[in-house]
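Visitor: I have the sequence and the model open. Can we go through the contacts between the chains?

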Amino acid sequence: MKQFFYTLTTLTSHWRRRPGQFAALFVGLAVATALWSGVAALNDQARRSYDRAAGALGLGGSPSLVAASGGFFAQDAFIALRRAGWKVSPILEGTIRLGDKSYRLLGVEPLTLPKISSNKMPEGDDLNDFLGPPGRALIAPQTLRALGLTEGATPTISEADRLPPLAIARDLAPGMVVVDIGAAQRLLHRPGRLSRLLLAEEPTADAPTLESVIGETLRRVEADEAPELAKLTESFHLNLTAFGLLAYVVGLFIAHASFGLAFEQRLPIIRTLRAIGASLRALSLALVAELTLLALLAGAAGMAGGYLIAAALLPNMAASLEGLYGAELDGALGLAPSWWLSGIGMALIGAAIAAASGLVKTLRLPVLAIAQPFAWREAQRHWLYRQAALAVLALMGAAAALLFGEGMEAGFASMAGLLLGAALALPLPLAAMLRLGERRARGPLAKWFFADALQQLPGLSLALMALLLALSTNIGVGSMVEGFRRTFTQWLDERLVAEIYFEAASDKDAQRITAWLSHREDVAAVLPLCKAKTAIRSTPGSSWPVEIVGAPPHETFSAHFPLLEAHADAWNSIARGDSALISEQHARRLRLALGSTLEIPTPTGDWRVEIVGIYPDYGAAKGQLRVDHDALSSRWPDARRLDYMLRARSETAPEIMLALQAEFGAGVARIIDQAALKQRSTDIFERTFAVTAALDALTLVVSAIALFASLTTLAAARVPQLAPLWAAGVSRRSLALLELARVTLFAGATALVSVPLGLALAYDLVAIVNVRAFGWRLPFHIFPSQWLEVFALALLTAALAALLPIRRLARIAPASLLAVFANER
Amino acid sequence: MSVISAPARDAAVEGALLRVTGLSKSYLGPQGPLPVLRGVDLTLGAGESLALMGESGSGKSTLLHLVAGLDHADGGAIHIDDAEVTKLDDEGRAALRRKTLGVVFQQFNLVPSLTVGDNLSLQARLAGRYDRDWRDALAERLGLSALLDRYPEQLSGGQQQRVAVGRALAPRPRLLLADEPTGNLDEATGDAVLNLLLELSATAGAAVLMVTHSARLAARLDRRATLAGGRLAP
């Protein structure tokens with residue numbers, strides 16, 4: 001034990017004398033853990049919110065019966081099934097508006113709810129209050145806070161309707177309001193209608209079959225089919241995880257570089273310890289203990305950093321998830337014990353990966369070989385060749401994932417292989433460049449410059465690899481985001497043609513408003529939109545939710561609506577009622593092309609349509625079909641008919657909006673002009689990529705730290721190499737400038753390599769990952785100005801990282817240089 | 001060839017602290033195996049001192065490393081007390097170095113991140129034989145008392161080698177192995193360090209096996225042996 005303890009304290013004494021190196025190692029591990037655990041915290045938070053939304057009242061956890069053709073069904077089915085002995089509980093779902101936001105209204109019947117759900121319902125007097133009158137509207141505390149209301153308030157949701165008094169329910173998902181089923185039918189204007197029946201218990205063997213009780217009007221949906229939110233957002237979170245992983249890898253590069261240098265510098269200590277009797281076992285245990293301690297300390301710091309990163313990014317991520325998927329996130333970050341364990345686990349794994357090769361090499365080197373100077377460097381040189389072989393393997397893996405893989409995971413795997421392969425191969429072109437420089441150099445100093453740079457390459461290669469990863473990610477993600485911004489802006493211009501968009505509060509209001517508008521001369525056209533939701537089967541047992549939008553035949557659509565591809569007479573076919581346009585992502589999911597036919601389940605039977613056009617839909621993750629307004633209305637009696645587009649001269653739009661609001665007040669639930677709608681859409685876009693941009697920037701910062709750490713730790717070893725030049729008449733200032741030139745040369749060459757790699761990454765993101773994640777295929781743009789920015793960024797990063805070590809070198813005391821000769825043997 | 005005459009050998013070997021018999025060692029060179037030691041026999045009694053001499057590349061350091069268990073022999077045997085070094089595993093050889101041997105290198109090999117005081121105590125602590133009074137006595141005798149809080153880089157070569165000697169003697173080893181301990185020092189400093197090494201070894205009751213090029217320094221030890229052609233010449 002004593003042997004272990006003193007071996008450990010001797011090894012760790014190295015860090016006391018080299019706090020900068022320790023800091024680099026600590027920061028590398030901490031940053032890697034921070035970025036990874038930050039992303040994990042964000043993902044966990046989102047998943048918990050989805051689970052709460054899906055499982056709030058057992059909706060996701062219990063099988064249920066829904067209308068076979070989609071939409072609502074009469075509550076008679078509930079009564080008939082209960083009488084036949086089926087333990088079912090009625091649910092009515094819909095959307096209400098409170099203030100300027102939409103909320104999910106859930107109507108339940110607490111006495112028949114499945115046990116798992118009824119546990120979350122009020123009991124005793126509270127249950128009596130809930131059943132009313134006036135009843136209670138259950139709401140999550142954070143939703144109540146967001147609304148700026150207190151318990152007992154009865155907010156208005158339309159001219160004639162108010163919610164029952166609000167009551168806090170802690171387990172409820174944010175963005176949800178739960179009321180008694182009767183209240184929900186009244187508030188949603190669906191008297192006697194239901195959206196689903198939860199199966200509280202499986203029917204007994206002697207119970208009559210579903211068909212014998214209610215015919216084929218209802219079909220069973222298994223519990224795991226329900227969480228569509230998790231399904232839709234899966235790709236978003238995978239994207240985020242991939243970024244977290246990239247940042248983690250870059251962090252590990254720092255830790256690996258620092259560990260490598262630390263092992264190299266501690267070889268004499270290890271030799272001495274072995275020579276004076278420290279056993280290999282004690283040494284191994286001490287090295288592992290040191291590593292574990294370090295990982296735990298850095299991991300804890302990383303977890304704190306991860307929490308801060310997650311807290312800073314949560315608002316943007318919540319906004320983008322809400323904008324894209326309508327998913328509401330809990331605004332306060334909650335941290336599960338599994339998050340702590342996984343974070344510390346990642347720190348330990350990271351430390352083990354970063355130190356493994358150094359540890360193994362150290363323990364395997366014979367005692368006497370350790371003493372030989374540059375034994376480590378020699379081993380490093382051999383490692384370079386092995387690294388090149390690994391690079392080839394990684395690139396082959398990337399190609400295989402691209403050619404044979406499916407799904408977004410394969411897209412990311414190809415990207416990971418490409419990045420890893422390129423990073424591992426980086427020292428080879430750099431070495432070739434330096435050898436060429438050495439051959440071409442004329443003067444002795446220039447020759448020395450290249451030869452010396454070549455010798456420095458193994459020590460700096462890990463930091464340069466980290467820089468390459470950060471720069472190419474910057475170019476790749478930058479190209480993708482900038483390309484998306486251009487495409488999205490153009491798409492918005494084409495898609496949002498109408499001057500005013502409004503939503504009526506009720507069908508009655510809609511009729512009054514359209515009648516009033518038809519008499520106004522400044523309104524050129526009133527275009528009603530009809531919307532319905534259903535699910536279209538893609539493969540047996542799996543279906544995708546789809547929104548069907550019906551619009552009247554009008555020049556607004558036929559002349560402006562952006563289409564990726566369409567039949568020549570697409571709009572006429574749609575007007576005939578037997579054709580549809582399909583959103584790009586849904587066409588990809590269902591593998592549909594122009595001319596394909598599609599069976600749409602409707603309340604009046606299946607509707608067979610031909611696909612006559614495919615359109616981009618960057619605004620929604622859900623699939624969408626566009627059909628003729630009247631054709632949809634006739635098949636979907638319950639379809640929503642509250643949304644309208646108004647065509648008018650743009651200068652009269654503000655006046656019309658004011659007049660509409662003055663005339664109908666709360667009868668107009670929402671009204672917005674084109675410019676505001678575009679602004680809102682752009683905001684959602686910006687916030688969606690704010691998280692990506694933040695992680696991108698953090699990765700670059702991490703690579704700068706890597707470079708700084710490597711240069712600082714190498715600086716001490718540079719003195720003996722520079723002293724002979726100083727003695728031969730090269731001034732300290734010139735030596736410092738040469739050092740700066742060396743670092744700049746490395747960074748510049750790395751930036752050059754990062755351009756093609758970044759473009760390959762951008763192509764992978766645009767043409768593979770995005771298509772598989774969101775179903776969109778974006779045009780591939782290149783932005784040479786961005787490359788220049790990245791080039792400048794690389795040089796700046798390198799210069800900043802080199803500043804301190806070079807400044808120290810320029811000011812080094814002659815005595816320190818002389819000491820090199822004094823110590824020579 | 002043995003250092004001692006054949007009739008006296010058996011008696012000497014009986015009570016010897018170090019017994020080396022038929023030791024051989026080769027290194028792999030560009031033209032195949034290059035023999036360095038070709039059957040070396042050597043004995044050293046407790047408290048005795050022996051100077052091992054020879055030209056560069058004659059195998060002096062190799063012999064010292066083999067005795068210290070830092071390298072593996074191709075053939076022959078090394079006994080220190082009752083332990084057969086050549087048959088010990090890594091753990092056993094490490095324990096032997098910790099508890100029975102003290103090693104002083106030409107390059108000092110101090111731990112740069114430990115203070116002089118901690119360097120002096122290091123081996124004794126590893127061996128579980130740390131004796132504060134003995135360490136202080138060593139420090140005082142070696143002229144290091146005022147330097148205990150300094151780091152090796154802040155010391156001169158002579159001072160560093162004195163720390164190395166102190167570190168090796170701190171666990172009271174039975175055998176001190178010194179590989180050119182004064183090779184990096186000027187003559188006067190070298191003499192002073194050697195005086196201390198011999199004097200303190202005698203105080204600690206340690207035998208000394210020292211590799212040196214200098215006949216002048218070798219003359220200060222009890223016995224001398226020369227390695228030539230892979231064998232010992234008396």
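Visitor: How many salt bridges does the rule find across the interface of chain B and chain A?
Guide: This is a predicted model. The rule asks for a side-chain nitrogen of Lys or Arg within 4 Å of a carboxyl oxygen of Asp or Glu. Arg274(A) and Asp90(B) meet that way, at 2.6 Å from N to O. Across the interface of chain B and chain A, the number of salt bridges found is two.

Visitor: Which element gives the largest share of the side of chain B that touches chain A?
Guide: Two elements of chain B give two or more residues to that side: helix H3 (90-99) and helix H4 (116-127). The largest share is six residues, and the helix that supplies them is H3(B).

Visitor: How many nonpolar residues are on the side of chain B that touches chain A?
Guide: On that side, 27 residues of chain B are in contact with 24 residues of chain A. By class, seven are polar, eight are charged, and the nonpolar ones number 12.

Visitor: What area do chain B and chain A bury between them?
Guide: The interface also has 13 residue pairs in polar contact. Of the buried area, 57% is on carbon and sulfur atoms. The total for chain B and chain A is about 2400 Å².

Visitor: Is Asp569(A) buried, partly exposed or exposed?
Guide: Asp569(A) sits in the loop between strand E14 (565-566) and helix H19 (570-576) of chain A. Its relative accessible area is 37%. Buried means under 20% and exposed over 50%, so Asp569(A) is partly exposed.

Note on methods: Residues are numbered from 1 along each chain as its sequence is written. Chains are lettered from A and ligands numbered from 1 in the order in which they are written. This is a predicted model: local features need pLDDT of at least 70, side-chain atom pairs count only at pLDDT 80 or more; totals for chains, interfaces and linings use all residues. Side-chain values use heavy atoms; hydrogens and water are left out. Contact means heavy atoms within 4.5 Å. Buried area is the accessible area (1.4 Å probe) that two parts lose on being put together, summed over both. A polar contact is a pair of N or O atoms within 3.5 Å; within protein, one must be able to donate a hydrogen and the other to accept it, and residues adjacent in sequence count only if both atoms are side-chain atoms. Helices (H or I, at least four residues) and strands (E, at least two) are DSSP runs, numbered from the N terminus. Ala, Val, Leu, Ile, Met, Phe, Trp, Tyr, Cys and Pro count as nonpolar, Asp, Glu, Lys and Arg as charged, and the others, Gly among them, as polar. Buried means under 20% relative accessible area, exposed over 50%, partly exposed in between (1.4 Å probe, protein chains only).
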